[in-house]
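Hello,

Here is the structure I promised to pass on to you. My notes on it follow just below.

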Amino acid sequence: MFLLLAFGTVMLGFGCYMCAQPIRFSNGIIWFSERKWFHLFEIVSRFILGVLFILFSDKTAYPFFVNSLGGLLCFVSLFLVAIGSNRHKRFALLVAKIGKNFRYFGLIAISCGAIIGFLGLMSK
């Protein structure tokens with residue numbers, strides 16, 4: 001499934017960026033959270049991607065995993081609606097303070113991105 005491959009590749013790319021430039025990544029979170037459309041973009045993008053994963057999960061090699069990933073993305077989207085824009089922005093700014101420790105999270109993102117991309121390649 002092309003969507004899984006693209007999602008995994010983007011996650012892999014963000015992970016590499018987090019490892020190589022953790023401070024710039026942190027500053028990017030701050031910059032992004034200051035945009036007026038930040039909260040709406042986060043909600044809509046996660047919800048659409050989650051629904052697409054759920055709808056097309058049966059076309060993948062691991063439908064339960066993809067369906068669960070889609071459900072998680074939809075849940076996060078609804079959670080962001082529930083907490084509101086101000087709390088979401090405060091959370092993003094709090095996360096941005098991680099700084100150099102983004103390298104460790106980058107390694108996790110690289111691993112997860114590679115696995116998800118591989119699942120996309122394994123699709124029916």
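Ser 77 is found in helix 4 (helices are DSSP runs of H or I, at least four residues, numbered from the N terminus). Ser 77 is buried, with a relative accessible area of 1%; buried means under 20% relative accessible area, with a 1.4 Å probe and protein chains only. Leaving aside neighbours within four places in sequence, Ser 77 is in contact with Ile 43, Arg 46 and Phe 47, where contact means heavy atoms within 4.5 Å.

A word on the source: this is a predicted model, in which local features need pLDDT of at least 70 and side-chain atom pairs count only at pLDDT 80 or more, while totals for chains, interfaces and linings use all residues. Residues are numbered from 1 along each chain as its sequence is written, and side-chain values use heavy atoms, with hydrogens and water left out.

Now the helix pair. Helix 3 (residues 38–55) packs against helix 4 (residues 63–96) at an angle of about 170°, and their axes are 7 Å apart. Axes here are lines fitted to C-alpha atoms over the stretch in contact, and angles run from 0 to 180 degrees between N-to-C directions. The two helices are therefore roughly antiparallel, a term for angles over 145 degrees. Their contact has 15 nonpolar, nine polar and three charged residues (Ala, Val, Leu, Ile, Met, Phe, Trp, Tyr, Cys and Pro count as nonpolar, Asp, Glu, Lys and Arg as charged, and the others, Gly among them, as polar).

A pocket is an open set of points on a 1 Å grid over the protein atoms alone, where a 1.4 Å probe fits, with protein on both sides within 12 Å along at least five of seven lines; lining residues have an atom within 4 Å of a point. Of its 36 lining residues, Met 11, Phe 14, Phe 25, Glu 42 and Arg 46 are the closest to the centre. Helix 4 gives the most to this lining, with 12 residues. By class, the lining has 30 nonpolar, three polar and three charged residues.

- Ser 26 lies in helix 2 and is buried at 5% relative accessible area.
- Gly 106 sits in helix 5 and is buried at 0%. Its C-alpha atom is separated by 6.2 Å from that of Cys 16, 90 residues apart along the chain.

Best wishes

Definitions and conventions. Angles under 35 degrees count as roughly parallel, over 145 as roughly antiparallel, 65 to 115 as roughly perpendicular and the rest as oblique. Buried means under 20% relative accessible area, exposed over 50%, partly exposed in between (1.4 Å probe, protein chains only).
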